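Hi everyone, thanks for making time today. I'd like to walk you through a structure that may be new to you, so please have a look at it first.

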Amino acid sequence: ASGEMGVQPRAIVWRVDAEATEAPLAVLMHPKGARAVICVGFNADCTRLVTVSGDDAHTVSMWDWNSGPLLNASMLGETRAGHKLWQARGYQSTPPAVRGAMFSPDRANKDAMITFGSKHIKFWTPPPREPRPPGGVGDVEADRSYQKLPWRARGGQWVPNAKVEDVLCAAFLPWVRVRAEEVDEEEATDGDASSVKSGPPGEDNLIRGVNLVTGSPKGRIMFWEKGDGVIPVTIVPGSDWHKAGVSALALSSDNRLLLSGDKGGGIMCWAVNTSYATIVAPLGGMFLVENPPKPLPPTPPPSVSASEVWLEGDDEYPGPGWEYEGEPLRWLESYPDVRGACWSPSGRYALITTAQGSVWRILIDPKLTEGEETESEETEDEDKPVEKLTELAILRLEDAAAG
């Protein structure tokens with residue numbers, strides 16, 4: 001889904017593999033005064049879409065996007081007008097004060113949602129529902145009425161006496177593990193302190209949940225246990241490696257690696273424990289531009305786009321006015337302001353976008369994606385865990401940027 005600016009801005013739902021002439025799946029019209037659709041997000045099963053408008057109230061709207069009348073029955077594909085279920089005030093301030101809106105990926109709790117931005121993070125949940133016997137008279141109508149009730153928003157619990165910070169970005173960390181069974185007293189031995197044992201394998205014996213991490217303007221990654229804001233937030237150890245605000249977070253498709261980027265061009269890769277969705281250790285980090293030229297080259301001529309990035313190299317010389325001590329020099333971003341990050345499906349590389357308009361590709365050590373561990377010497381203390389993953393790092397930064 002995408003959002004746009006305009007007198008009556010629209011949120012448009014697209015099919016990823018659609019033909020060039022194929023119409024979008026849905027066009028959701030927002031009222032005049034909304035100014036823009038600044039955030040969009042699907043729930044876990046893609047049946048609902050949340051949008052945040054650019055009005056002073058940052059109105060949050062929930063849509064049943066795959067319903068409503070057809071808008072272009074004569075075109076290839078069916079474009080729906082969608083149906084707005086409810087709307088509520090998101091955050092009263094001069095826009096843009098809301099930077100993101102996203103649902104929990106946990107299908108068992110698919111109605112959990114967050115919005116975040118300037119000096120706030122809100123956790124949204126549906127109102128409590130009165131139990132009704134299935135198949136009762138008016139049950140369908142009651143369900144429709146319930147779907148139109150606005151959700152309740154609650155602020156997250158910050159550390160006591162701590163100042164509420166901006167939330168620059170967020171990412172849910174799903175976890176899954178085998179349900180534990182109680183050990184019978186007759187089976188337990190005197191020397192065994194364990195009170196639980198693993199149950200049999202199978203989907204029915206798996207338990208799932210999510211945690212949440214957010215980016216702080218002070219260069220820290222904040223950890224929200226259970227992802228509902230009830231437990232006070234904590235700081236991820238080691239995240240002070242970032243020397244600028246953490247503005248991008250991305251979890252790999254196998255949930256094992258987390259990528260974080262900051263406003264100073266720093267990129268860090270973290271190991272994630274998939275059984276408990278906790279950040280185990282930093283694997284390695286680097287800066288997109290490690291050695292910018294000491295005096296920056298002259299301002300690019302007007303014919304060069306402000307979003308174009310030139311890298312040092314022996315390729316075509318861009319023309320006069322670009323010499324530096326007699327040597328050709330390309331224009332470099334001094335410190336790229338990272339704004340977005342995403343993983344390839346294989347996890348072999350990640351893409352990083354910056355506020356300057358460049359796109360960087362980072363290659364990842366195959367040992368990370370294949371689940372291999374580096375060799376390490378055995379310690380004399382067998383009870384002390386050896387963090388082998390900390391020896392792994394990002395392999396290298398490819399010397400190319402796609403403009």
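Let's start with the chain as a whole. Among contacts in the protein chain with a separation of 6 or more, 53% are between residues 24 or more positions apart; contact here means heavy atoms within 4.5 Å. Before going on, please keep in mind that this is a predicted model, where local features need pLDDT of at least 70, side-chain atom pairs count only at pLDDT 80 or more, and totals for chains, interfaces and linings use all residues. Residues are numbered from 1 along each chain as its sequence is written, and side-chain values use heavy atoms, with hydrogens and water left out.

The protein chain has two helices and 27 strands. Those are DSSP runs numbered from the N terminus: helices are H or I with at least four residues, and strands are E with at least two. Of the 403 residues in the protein chain, 40% are buried. Buried means under 20% relative accessible area, exposed means over 50%, and partly exposed is in between, with a 1.4 Å probe and protein chains only.

For strands to count as paired, DSSP has to find at least two bridges between them. Strand 1 and strand 2 (residues 10-13) run antiparallel and are joined by two bridges, and Gly3 stands opposite Ala11 in strand 2. As a reminder, strands of a sheet pair through backbone hydrogen bonds, either parallel or antiparallel.

Moving along, we come to His30, in the loop between strand 3 and strand 4 (37-42). Is His30 buried or exposed? His30 is buried, at a relative accessible area of 1%. Its side chain reaches the backbone oxygen of Leu28 at 3.2 Å. That is a polar contact, a pair of N or O atoms within 3.5 Å; within protein, one must be able to donate a hydrogen and the other to accept it, and residues adjacent in sequence count only if both atoms are side-chain atoms. Not counting residues up to four places away in sequence, His30 touches several residues, including Arg10, Thr51 and Trp63.

The next stop is a hairpin. Strand 4 and strand 5 (residues 49-53) run antiparallel, joined by five bridges, with Phe42 opposite Leu49 in strand 5. This hairpin has six residues between the strands, and Cys46 takes a positive phi near 60°. Cys46 is partly exposed, with a relative accessible area of 40%. Asn43 is in the loop between strand 4 and strand 5, and at 4% relative accessibility Asn43 is buried.

While we're on cysteines: Cys269 is buried, with a relative accessible area of 0%. How many disulfides are there? The count comes to zero, taking a disulfide as a pair of cysteine sulfur atoms within 2.5 Å.

Let's turn to the aromatics. There are seven aromatic pairs, where rings of Phe, Tyr and Trp (its six-membered ring) pair if their centres lie within 6.5 Å; planes under 30 degrees apart count as stacked, over 60 as edge-to-face and the rest as tilted. In one of them, the ring centres of Phe103 and Trp151 are 6.2 Å apart with planes at 90°, so this pair is edge-to-face. Phe103 lies in strand 8 (residues 98-103) and Trp151 in the loop between helix 1 (139-147) and strand 11 (152-155), so the pair ties together parts that are 48 residues apart in sequence. Both Phe103 and Trp151 are buried. Ring pairs also link Trp86, Phe103, Trp124 and Trp151 into a cluster.

Gly266 has Phe287 as its bridge partner in strand 21. Four residues sit between the strands, and Ala277 takes a positive phi near 55°.
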